[in-house]
Amino acid sequence: MQSLQGNTLIALIWMSALMVTMSVRAQSGAPAPPANLTTADRPNDKGDGIVLKWDLSPDDSPEITPRRVIRYEIQRRVGLQGEFKPIAEQTYGGNSFTDPNAKSGELHSYRIAAVGPDGAASAPVETVSGVSPEMEWFDTTRAWFGIFLVIICGAVIYYIGVAKRGRDLRIRKIAGLEAVDEAVGRATEMGRSILFVPGIQDINDIQTVAGITVLSRVAKTAAEHGAQVEVPTSRALVMTTARETVKAAFLAAGRPDAYNEDLIYYLTDEQFGYVAGVTGKMMREKPAACFYMGSFFAESLFLAETGNAIGAIQIAGTAQPSQLPFFVAACDYTLIGEEFFAASAYLSGEPHQLGSLKGQDMGKVVGTILLVLGCVLATLYSITDSPAIGRGVEFLKNNVLGEAGFLPEKDPGS
């Protein structure tokens with residue numbers, strides 16, 4: 001009995017020593033190398049990407065504890081005679097990497113080694129031949145974007161042609177622009193001036209340009225009625241542009257003699273100094289009509305409330321969402337967002353502008369269809385959990401609106 005217990009104790013001691021030895025061996029030494037390293041030119045790029053793929057090291061397995069592979073070191077050689085230099089690392093379990101800094105027209109070779117927790121690296125595995133990235137003619141991941149671009153541009157070209165042939169393009173009436181004649185007529189009847197404020201930004205701001213377009217129509221109507229237009233500006237270039245615009249409008253109306261450039265003047269670049277000057281002018285001269293067309297910030301409320309206090313008819317237009325509530329509350333008419341930008345086409349009736357406006361509407365139709373379709377499919381998928389509807393939702397997200405390509409990739413197992 002004692003002999004049996006002694007043999008059992010010896011066996012346990014031997015097994016423990018064997019396990020410790022195996023553990024030490026597992027934690028020391030370099031891991032086994034990866035295999036089958038391949039390279040390929042990255043598709044749909046400008047010729048600066050190479051995709052690497054490899055088989056994981058046999059020691060890179062979650063079943064091996066502690067881990068024998070903690071990362072892969074990737075090295076690159078440019079040309080046939082260059083040296084391999086480290087460019088990146090990939091964590092354990094990763095078997096692919098994209099080199100985004102390859103040079104077009106030069107051969108690139110790669111090698112990769114598995115690295116253990118003690119820093120010991122395996123023997124590197126190297127590519128058989130070099131690869132050179134090439135720029136692609138087409139980026140197929142943007143195929144749907146190209147289709148939408150063709151639809152919208154085609155619609156613009158088509159409607160421009162229609163407008164040039166003299167056909168009437170139906171444009172929704174904009175109340176604020178229709179009221180221009182009313183405001184100018186009121187100023188003429190009362191024998192008072194018209195105040196036009198083109199915002200506080202410079203001429204490089206698109207809202208200022210849109211405001212100057214409206215100024216042209218207001219000035220022409222004022223010239224036809226014999227009214228005066230006063231334009232205080234906060235930028236010197238805006239003043240120069242406004243003067244030329246009003247001068248051209250008076251000339252087109254056949255009243256060049258009535259043009260007075262002194263009514264278009266510069267005040268100051270300082271925001272509230274400009275507002276103080278304009279509101280002071282409003283309180284003293286009490287214009288019958290006030291136009292606010294351009295980019296506005298906190299001064300919008302001061303201007304609109306002052307105009308309301310003197311009883312002027314007020315028409316405002318801006319694309320600043322934070323200022324629209326003030327204009328809507330205090331002004332008689334307000335051009336909101338795209339209405340403001342559509343004013344140039346609406347007022348001029350010029351075929352190119354009208355055609356562009358209608359073509360953009362086609363883009364909005366396409367966007368609305370995609371939005372409604374996506375909402376309907378997502379709702380149905382949440383209710384029915386249908387795989388077919390789910391694939392439709394993923395197609396819209398990843399292909400139509402994403403960059404997964406024209407059609408979804410086929411499942412190799414299907």
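Analyst: Helix H12 has 34 residues, and its first and last C-alpha atoms lie 49 Å apart, close to the 50 Å expected at 1.5 Å a residue. That expected span is 1.5 Å times one less than the number of residues. Helices here are DSSP runs of H or I with at least four residues, strands are runs of E with at least two, and both are numbered from the N terminus. Please keep in mind that this is a predicted model, in which local features need pLDDT of at least 70 and side-chain atom pairs count only at pLDDT 80 or more, while totals for chains, interfaces and linings use all residues. Residues are numbered from 1 along each chain as its sequence is written, and side-chain values use heavy atoms, with hydrogens and water left out.

Which residues of H12 are buried? They are Leu-354, Gly-355, Leu-357, Lys-358, Gly-359, Gly-363, Val-366 and Leu-377. Buried means under 20% relative accessible area, exposed means over 50%, and partly exposed is in between, with a 1.4 Å probe and protein chains only. The cover over these buried residues includes helix H2 (143–164), helix H11 (343–348) and helix H13 (387–400), judged by contact, meaning heavy atoms within 4.5 Å. Just after H12 comes Asp-385, with a positive phi of about 55 degrees.

H12 (351–384) also takes part in the largest pocket, where H12 and helix H10 (338–341) each supply at least two lining residues. The largest share of that lining, five residues, comes from H12. In total 14 residues line the pocket, and Arg-172, Ala-342, Leu-357, Asp-361 and Lys-364 lie nearest its centre.

On a 1 Å grid over the protein atoms alone, a pocket is an open set of points with protein on both sides within 12 Å along at least five of seven lines, a cavity is a set where a 1.4 Å probe fits but cannot get out, and lining residues have an atom within 4 Å of a point. By class, the pocket lining has six nonpolar, one polar and seven charged residues. Ala, Val, Leu, Ile, Met, Phe, Trp, Tyr, Cys and Pro count as nonpolar, Asp, Glu, Lys and Arg as charged, and the others, Gly among them, as polar.

The 20 residues of H5 (residues 206–225) should span 28 Å at 1.5 Å a residue, and its end C-alpha atoms are 29 Å apart, which agrees. Asp-205 caps the N-terminal end of H5, with a side-chain oxygen 2.8 Å from the backbone nitrogen of Gln-207; a polar contact is a pair of N or O atoms within 3.5 Å, where within protein one must be able to donate a hydrogen and the other to accept it, and residues adjacent in sequence count only if both atoms are side-chain atoms. Gln-207 is itself one of the buried residues of H5, including also Ile-212, Val-214 and Leu-215. After H5 comes Gly-226, whose phi is positive, near 80 degrees.
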